[in-house]
Amino acid sequence: MKITGIMVYYYLVCKRKLWYFSKDITMEHNSELVEIGKILDEYSYDRRKKSILVKDIINVDFVEDWKIIHEIKKSKSIEEASIWQVKYYIYMLKKLGVEIEKGILDYPSIKEREVILFEEEDTREMENILEEIKNIIKSEKIPKDKLRKSICNKCAYYELCYI
Ligand code: SF4
């Protein structure tokens, strides 16, 4: 079963969102916020950008000397999800024999960055997350808990959850 970085991200954002995404129900192109994210991605790091895609699972915005990976985000609003997405890339690259020293979350719109390390004790949490993701994407039933409506307003799946 293929688990991508974006699935790890969605798992921590909203389990229903992960479920929709895993069933190929993609409405993200309709979301203005996603469009803004893409524009930031395209223009902020042009000169240094060397994005890498490994086995359709790891999709890193850019990598420095195969030691430091960067993930570009537009805001810190769902920081926990971004942190675990980067930890997942470090974890998976390590499994493939690439020792990454650290990840960096870049927030170009607010000119901030955050260093992410994969600590020994993260392994158990990572494996729990991956196990739960597998259960969600295997299930025919959508997870029942929705987020607060004020948060859902910005989600591309809003109409599927609320109308
Ligand atoms: S609308 Fe809310 S509950 Fe539904 S997928 Fe989006 S964030 Fe999750």
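Which residues are around the ligand? They are C14, R16, K17, Y20, K146, L147, C152, C155, Y157, Y158 and C161, where being near a molecule takes a heavy atom within 4 Å of it.

## Ground rules

This is a predicted model, in which local features need pLDDT of at least 70 and side-chain atom pairs count only at pLDDT 80 or more, while totals for chains, interfaces and linings use all residues. Residues are numbered from 1 along each chain as its sequence is written, and side-chain values use heavy atoms, with hydrogens and water left out.

## Overall layout

The chain has seven helices and six strands; these are DSSP runs, numbered from the N terminus, with helices being H or I of at least four residues and strands E of at least two. Read from the N terminus, the order is α-α-α-β-β-β-β-α-β-β-α-α-α.

Of the 163 residues in the chain, 41% are buried (buried is under 20% relative accessible area, exposed is over 50%, and partly exposed is in between, using a 1.4 Å probe and protein chains only). Take the contacts (heavy atoms within 4.5 Å) between residues at least 6 apart in sequence: 65% of them join residues at least 24 apart.

## Around the ligand

Sorted by type, the shell around the ligand has eight nonpolar residues, three charged and no polar ones. Here Ala, Val, Leu, Ile, Met, Phe, Trp, Tyr, Cys and Pro count as nonpolar, Asp, Glu, Lys and Arg as charged, and the others, Gly among them, as polar. Helix 2 (15–22) and helix 7 (158–162) each put in at least two residues, and helix 2 gives the most, with three.

L147, one of the shell residues, sits in the loop between helix 5 and helix 6 (149–152). L147 counts as partly exposed because its relative accessibility is 30%. Beyond its neighbours within four places in sequence, L147 touches V13, C14, C152 and Y162. L147 and C14 are 133 residues apart in sequence, yet 7.1 Å apart in space, C-alpha to C-alpha.

Helix 2 has R16, K17, L18, W19 and Y20 buried, and their cover includes helix 1, helix 5 and helix 7.

The largest nonpolar core holds 40 residues, and V8, I69, Y88 and I133 have the most contacts inside it. Such a core is a set of buried Ala, Val, Leu, Ile, Met, Phe, Trp, Tyr and Cys residues joined through side-chain atoms within 4.5 Å. Helix 4 (79–95) is among the elements supplying at least two residues each, and the largest share, 10 residues, comes from helix 4. As for I133, setting aside neighbours within four places in sequence, its contacts are I3, M7, V8, Y11 and L18.

## The second largest pocket

I90, Y91, K94, K95, E99, I100, F118, E119, E120 and T123 line the second largest pocket. That lining splits into five charged residues, four nonpolar and one polar, with helix 4 giving the most, four residues.

D24 isn't a glycine, but has a positive phi of about 65°. D24 lies in the loop between helix 2 and helix 3 (32–44), and counts as exposed because its relative accessibility is 67%.

W66, also not a glycine, takes a positive phi of about 55°. W66 belongs to the loop between strand 3 (62–64) and strand 4 (68–72), and with a relative accessible area of 43%, W66 is partly exposed.

How values were computed
1 Å grid on protein atoms, 1.4 Å probe; cavity = no way out; pocket = protein on both sides within 12 Å on 5 of 7 lines; lining within 4 Å.
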